[in-house]
Amino acid sequence: YLDKAFKLGCSEAGIWIGDYYRKIKDFTKAIDIYKRCFQIGEPDAYVKIAHFYLTGEGVEKDTPTAIKYLDQAIQAGSKIAVDPLKNIMEKAESFV
């Protein structure tokens with residue numbers, strides 16, 4: 001039912017599906033699903049992708065790419081992307 005709901009445009013169902021693929025460690029599929037969720041109006045999906053790049057879970061660790069996803073999530077209206085981006089920037093400032 002989740003797959004059908006997602007195909008009908010339910011981004012919440014897509015998030016559940018993406019989380020499932022993350023749990024079984026199919027990170028490529030999870031990222032693909034999260035990107036589709038973002039495209040249909042779920043800005044928090046990019047926060048999930050940013051997490052992969054921040055931690056190196058399933059992808060090569062890449063903070064600039066994580067920042068890009070967090071910034072796009074914020075621009076699209078995500079509230080939960082603000083704190084992770086703020087934390088990255090605070091850590092970067094401590095090295096300056």
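**Helices 3 and 4**

I looked up how helix 3 and helix 4 sit in this predicted model: their axes come within 8 Å and cross at roughly 150°. Axes here are lines fitted to C-alpha atoms, for helices over the stretch in contact, with angles from 0 to 180 degrees between N-to-C directions. Helix 3 and helix 4 are therefore roughly antiparallel (the label for angles over 145 degrees). I noted the helices as DSSP runs of H or I, at least four residues, numbered from the N terminus.

Next I checked who meets whom, with contact meaning heavy atoms within 4.5 Å. From helix 3, F27, A30, I31, Y34, K35, C37 and F38 meet A45, Y46, K48, I49 and F52 of helix 4.

**Helix 5**

I moved on to helix 5, residues 63–75. Its 13 residues reach 18 Å from first C-alpha to last, close to the 18 Å expected at 1.5 Å a residue (1.5 Å times one less than the number of residues).

Which residues of helix 5 are buried? I found T65, A66, Y69, L70 and A73, where buried is under 20% relative accessible area and exposed over 50%, using a 1.4 Å probe and protein chains only. They cover an arc of only 135° around the axis, which puts them on the same side of helix 5; the arc is that of the directions from the helix axis to the C-beta atoms. On the other side, P64 and Q75 are exposed.

The cover over those buried residues includes helix 3 (27–39), helix 4 (45–55) and helix 6 (82–94). Just after helix 5, G77 has a positive phi of about 110°.

**Ground rules**

Residues are numbered from 1 along each chain as its sequence is written, and side-chain values use heavy atoms, without hydrogens or water. Local features need pLDDT of at least 70 and side-chain atom pairs count only at pLDDT 80 or more, while totals for chains, interfaces and linings use all residues.

Terms used
Helices (H or I, at least four residues) and strands (E, at least two) are DSSP runs, numbered from the N terminus. Angles under 35 degrees count as roughly parallel, over 145 as roughly antiparallel, 65 to 115 as roughly perpendicular and the rest as oblique.
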